[in-house]
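Student: Hello! Could you walk me through how to read this model, step by step?

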Amino acid sequence: MSDNAVDQGKRTWLIASSCAGAVGGVAVAVPFVSTFAPSERAKAAGAAVEVDISGIKPGEKLTVEWRGKPVWVVRRTPEQVAALKTLTPKLVDPASERTAYPIPEYAKNAGRSIKEEFLIVIGVCTHLGCSPSDKFVAGPQPSLPDDWQGGFLCPCHGSIFDMAGRVFKNMPAPDNLEVPPHMFLSDSKVLIGEDKKA
């Protein structure tokens with residue numbers, strides 16, 4: 001009889017120890033596994049950004065951040081829009097047909113935009129990742145063609161882009177500036193990062 005009593009005690013101790021070990025293992029594993037989930041900051045960095053564009057005057061640019069990159073919202077003047085159609089022979093990819101990165105269908109036009117008045121592009125040069133400078137004023141200027149119609153100049157290696165973010169021929173940048181997915185929520189708001197209504 002005494003042997004049975006000892007066996008029962010050992011069995012109870014083994015079961016209790018196993019349960020305590022399992023609970024401890026779960027207590028350690030849950031925080032460890034949760035570190036693989038993206039942080040709130042990381043989730044926010046990839047989230048779509050709603051931008052109020054009502055205060056942008058013609059000829060002005062607003063910069064916002066999306067996924068850690070600068071996104072430019074430029075309100076073009078009627079003159080800047082009209083000049084876009086005259087530049088086709090000077091551009092590498094005037095119709096945005098290259099596939100280095102996905103080009104939304106609504107960006108495959110001369111203005112590379114949904115509304116021709118507004119240009120929305122990622123402000124990072126496609127050569128080595130510098131951020132081009134605004135050169136919106138038309139006319140001869142240093143480092144720009146004499147018949148300059150306005151656009152952007154990359155200060156790092158001299159690539160020039162028109163007011164639609166299209167790169168000129170014989171420049172270090174191989175592609176046009178990237179157009180992020182976006183959609184207009186109203187006449188005064190644009191959502192950058194999404195282009196499909198839920």
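Tutor: Gladly. Helices (H or I, at least four residues) and strands (E, at least two) are DSSP runs, numbered from the N terminus. Here the protein has 3 helices and 9 strands, and along the sequence they follow the pattern α-α-β-β-β-α-β-β-β-β-β-β.

Student: What should I know about the source?

Tutor: This is a predicted model: local features need pLDDT of at least 70, side-chain atom pairs count only at pLDDT 80 or more, and totals for chains, interfaces and linings use all residues. Residues are numbered from 1 along each chain as its sequence is written, and side-chain values use heavy atoms, leaving out hydrogens and water.

Student: In what order do the strands of the open sheet lie?

Tutor: Two strands pair if DSSP finds at least two bridges between them. In this open sheet of 3 strands the order is E5-E6-E7, with antiparallel pairing. Strand E5 (133-135) and strand E7 (160-162) are at the edges with a single partner strand each, so one side of each has no neighbour in the sheet.

Student: How many bridges join E5 and E6?

Tutor: E5 pairs with strand E6 (residues 151-153) over 3 bridges, in the antiparallel sense. Ser133, for instance, has Leu153 in E6 as its bridge partner.

Student: What percentage of the residues count as buried?

Tutor: Buried means under 20% relative accessible area, exposed over 50%, and partly exposed in between (1.4 Å probe, protein chains only). Of the 198 residues of the protein, 34% are buried.
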